[in-house]
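Dear colleague,

Please find the structure below, handed over for your reading. My notes on what was found in it follow directly after.

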Amino acid sequence: MKTPPERSIVNAAQSPYLSSPSIDTLYTDHHAWLRAWLQRRLGNAADAADLAHEAFLRLILKPASRGFNSKIEARAYLRTMAQGMCVNLWRRREIEQAWLDTLAAQPQGFAPSAERQATVLQALQEIAELLMGLPGKAAQAFLMSAVCGMTAAEVGSELGVSSRMVRKYVAQAMLRCMQAHAAHTAAALRQAPMP
């Protein structure tokens, strides 16, 4: 008996795009897949839907610089972006939980207003984002110095570095804070109406 010739099967995920796809095409081809991938990763359908939506919003605001030649390439890009978004979500949740634990430890009469709590939580998340871009010891030195009020010598002893190195770390963190503030101010000025 003669065996039939093998058919060439092309996986739809590997097929090339004829040109760099539009956001509509990307959304149609990959949104359900990305949401399912995120749901497996996060274990929560609502969070997965939110992050999948945010991923495509990011693509609208800042398209991939060189586009995508295939569905596999598009999914790899989306998966990498979504992985970073998951890490950010988990980090925000850790900060929020630490803040809630701190509030729970306070006597009832000393709890700040809901508005103040939201402001503090937002500030903590912004600070965490700034510090994530720093080397570990620089972030620790900044926190020990600015938040705990420790001297350079105390921080140096704790981290096993010289006081001079602590001052360098703190200066590095302060520079990062000033750059973020300048970027925020510049963005606000660009959005302000012209007189």
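Predicted model: local features only at pLDDT ≥ 70, side-chain atom pairs only at ≥ 80, totals over all residues.

The largest pocket itself has a volume of about 390 Å³. It is lined by 14 residues, and those closest to its centre are Q122, Q125, E126, E129 and L130. Helix α4 spans residues 114–132. At least two lining residues also come from each of α3 (71–105) and α7 (163–191).

On the surface, there is a nonpolar patch made up of L57, I60 and L61. Together, these three residues have about 330 Å² of accessible area. L57 belongs to helix α2, which covers residues 45–61. Why can L57 be counted as partly exposed? Its relative accessible area is 39%, and the term applies because this value lies between the cut-offs of 20% for buried and 50% for exposed.

Finally, a word on the cysteines. In general, a disulfide is a covalent bond between the sulfur atoms of two cysteines. With the requirement that the two sulfur atoms lie within 2.5 Å, the count for this model is 0 disulfides. C177 has a relative accessibility of 24%, so it counts as partly exposed.

With kind regards

Technical notes:
Residues numbered from 1 in each chain as written. Heavy atoms only, no water. Patch = residues over 30% accessible without salt bridge, like charges linked within 9 Å, V, L, I, M, F, W, Y side chains within 5 Å. Areas by Shrake-Rupley, 256 points an atom, 1.4 Å probe, with all protein chains shown as cover. Salt bridge = Lys/Arg side-chain N within 4 Å of Asp/Glu carboxyl O. Helix = DSSP H or I, 4+ residues; strand = E, 2+ residues; numbered from the N terminus. Buried < 20%, exposed > 50% of the residue type's maximum accessible area, 1.4 Å probe, protein only. 1 Å grid on protein atoms, 1.4 Å probe; cavity = no way out; pocket = protein on both sides within 12 Å on 5 of 7 lines; lining within 4 Å. Points joined across faces, edges and corners; volume = space filled by probe spheres on them.
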